[in-house]
Every structure is written in structure tokens, then in C-alpha cells.
Amino acid sequence: MTRVWVAGAETLLGRALRDRLRCEPRLTVIEDEPNLTHREQVEEFVAEHRPEQVYLAGGLSGGIEMNRSRPAELMLDNLLVLAHVVEACYQYGVQKLLYLASSCSYPREAAQPLRVESLMTGPLEPTNAAYATAKLAGWQLCRAYRQQYGAAFVTAIPANAFGPGDDFGPTSGHVIPALLARFHRAKQKAEPSVTIWGSGTPRREFIYAADVADACLFLMRHYDDEEPINIGGSTSWSIAEVAQILAEVVGYSGELCFDRSKPDGMPLKMLDSSPLRELGWQPKADFRSALTETYRWFLQHQVKEDPGHDGPSVSLAVSDSPHRGRDRRCLSQ
Ligand code: GDP
């Protein structure tokens, strides 16, 4: 049995990773979690539990508005978390660590689809430069430990992820959870229109968190290099298209209005995931079904706290599983 720790198990991807790892027969998942911003706590935790494999998914993150309004918090939190976890993992002989960086670390004007060779070749998108810099530092730290100490620390860069356990906050969340919640509330209150931030023209590549988790397990087994590797599929959607699909998933039929006073962020973010495909992995989730599953989770968990929620009368527009042919018991733990 290999002892595995997900550092940051309360994050979207950390949660998906834990769920996925629990399905693996030869792994013991360490369920505890120290405060990752406290060096001593992290060190004591790693000394006590002695993980052999670590997935580093921790650190504060958020959507375009949170990046704009809280850059210092985002940057500091991520720097502290990665420094503490990477150092403790090295000190206590962790065999392999996989660090999850972010697609916003690519230069704003990098050629699309984004290849890892473009990292650190140009200025970052200003709306998320602080967070992106911390994520780049994480990659560089893993690389430095590999160079100086021979540590098997690798970095992966997922596309914009979404799924159960996401942050559905109206200002803190990324576009998918924020709009799911906004459409839901608009439907409940029979509002005639919903506001979408920006022009609707930026394009993003989205990936279901369960697929990212699956890719991470694959990489833990099959990837060991100082260059990061992208985790994505091969499709991008405009924000306007995504908003339309989300309205359908929620069953909202009002008008969609675009507020051009809000920032668009990067015009296009599309990863080149051909290296991962060549290794033998590709995402499995169907986009619409994964959105439906995410909305289902929102209804079951978040809406309980909302006094205006109309409970069981809310029905889902689509009902099939995002992972056709896979073991749903594991996915829904
Ligand atoms: P980004 O990939 O770092 O830009 O992350 P986001 O998910 O926060 O934003 C993606 C795009 O969706 C941007 O162009 C936003 O302006 C747009 N967007 C539209 N409505 C919303 C919203 O309600 N929340 C967020 N976060 N983004 C929105």
C-alpha cells in the first residue's frame, strides 16, 4: 500500500483527487490536513504521516474579480503553501510530488494552443498576474528541487476546471460556478434577464475536475520531467456559448445581457495537450453532462443554505452521467 496525501483537499481539484484516489485499491489516502500556510504544522504533519506520494492542489484561487480585488492574498497564500509543502516533502523523502499550476501562468500573448515552451516568454494577463506569478514560482521550485536534490517533483497545468465542490460565490467564483448560481437564482425569482460579465467573446477550454484528477493519477505513474505538462482536451467555448449552455442546464429562459464594463481577461486560453495525449491519456467527460452533474451538486449542497430555494421542485434539464461507462459509485463519494 502506498501512502498518498492530497495537500489542499478542500479545493476543487483536491476534492476530486481525493475522491478518485479512494477508488484505487493499492493506495492509502491520508485524510487529515494541516494548515498549509503554517510551516511547522506542515512539517509536523508530513513527519507524522510520512506520505510517499503527494498531490499539491492547495492554495487560494478564484475567478477574474477575486484576482483583481485580492491579488496580495492570492499570491501570498500560494507562495506560502507551495514553499511549505515542497520543502517538507523533500525533507521527509516523499518519492513523488505532483504540483498543480495554472493555465493563467501563460503569457497573455502566447501562441495558441498554449505550449509549455511559451511559459515565461512574455508579460502575464494583468487581471491575474499576482496569482500567476505564484504558480510559476511553484513550477520553478519543483524544478529547482529536482535539479539540486534529484527530487521527483513534477508540474501539471490544467485547463479551467469546474465540478462538484467548486466556489459558487457571485464574485469569488470562476465563470461556470458563478453563472450556474446566478441562473439558478434568476430562475427562482423569475428575473427577466441575467448579466454576464465582459463581452462574451473570450474563449476558454474547460475540463471537468474528475478528469483532471484522473490525469493526475496517470501522470504520477507515467510522467517524470522538469517541464510542466498540460492537462486539457481539444475544445474551447466562447463565454457567450457557455452562458447559453448553462442557462439550458439550469432551465432558465430569460435574456442574457453582457456587461462590457467588466474585464474579459485573456482573449483565448487553449492548452496544447498533445504531449499528454501521446502518453496515452485524454479526458472522458461530456461537457454538458458534467455541467449537469455540477449543478446537481450545487442543488444538493449549496442551496440548502439559501432560504429562497425551492428544494425538490427544481429539476435538471439533462440527466445522463458525465463519465459514461465509468464506475459512478467512485465518482459520487
Ligand atoms: P479566467 O479564465 O481567469 O479569466 O477566469 P474566470 O472563470 O473568472 O473568467 C472567464 C471569463 O468569463 C472572463 O472573460 C469573465 O469576464 C467571464 N465571465 C462572465 N461572467 C462571469 C462571472 O459571473 N464570473 C466570472 N468569474 N467570470 C465571468
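**Helix packing and ligand surroundings**

Helix α6 passes helix α10 in a right-handed crossing, a crossing being right-handed if the near helix is turned clockwise from the far one by less than a right angle, and left-handed if anticlockwise. Helices here are DSSP runs (H or I, at least four residues), numbered from the N terminus. The model is predicted, so local features need pLDDT of at least 70 and side-chain atom pairs count only at pLDDT 80 or more, while totals for chains, interfaces and linings use all residues. Residues are numbered from 1 along each chain as its sequence is written, and side-chain values use heavy atoms, with hydrogens and water left out.

**Helix α6 with α10**
- The axes of α6 and α10 (residues 287-301) come within 11 Å and cross at roughly 65 degrees; axes are lines fitted to C-alpha atoms, for helices over the stretch in contact, and angles run from 0 to 180 degrees between N-to-C directions.
- I176, L180, A181, H184 and R185 of α6 make the contact (heavy atoms within 4.5 Å) with F287, L291, T294, Y295, F298 and L299 of α10.
- This contact has 8 nonpolar, 2 polar and 1 charged residues, where Ala, Val, Leu, Ile, Met, Phe, Trp, Tyr, Cys and Pro count as nonpolar, Asp, Glu, Lys and Arg as charged, and the others, Gly among them, as polar.

**Helix α6 with α8**
- Helix α6 (residues 175-188) and helix α8 (residues 239-250) have axes that come within 9 Å and cross at roughly 45 degrees.
- The two helices are therefore oblique to each other; angles under 35 degrees count as roughly parallel, over 145 as roughly antiparallel, 65 to 115 as roughly perpendicular and the rest as oblique.
- The crossing of α6 and α8 is right-handed.
- Residues in this contact include L179, F183 and K187 of α6 and V242, L246 and V250 of α8.
- The contact of α6 with α8 divides into 12 nonpolar, 1 polar and 1 charged residues.

**Helix α4 with α5**
- The axes of α4 (residues 71-91) and α5 (residues 129-149) come within 8 Å and cross at roughly 15 degrees, which makes α4 roughly parallel to α5.

**Ligand surroundings**
- The ligand is surrounded by 18 residues (a heavy atom within 4 Å), and the closest are I64, R182, R204, P263 and D264.
- Among the polar contacts (pairs of N or O atoms within 3.5 Å), a backbone N or O atom of D264 lies 2.6 Å from an oxygen atom of the ligand.
- A polar side-chain atom of N160 lies 3.0 Å from a ligand oxygen atom, and a side-chain N or O atom of H174 is 3.3 Å from an oxygen atom of the ligand.

Terms used
Polar contact = N/O pair within 3.5 Å; in protein donor to acceptor, adjacent residues only side chain to side chain.
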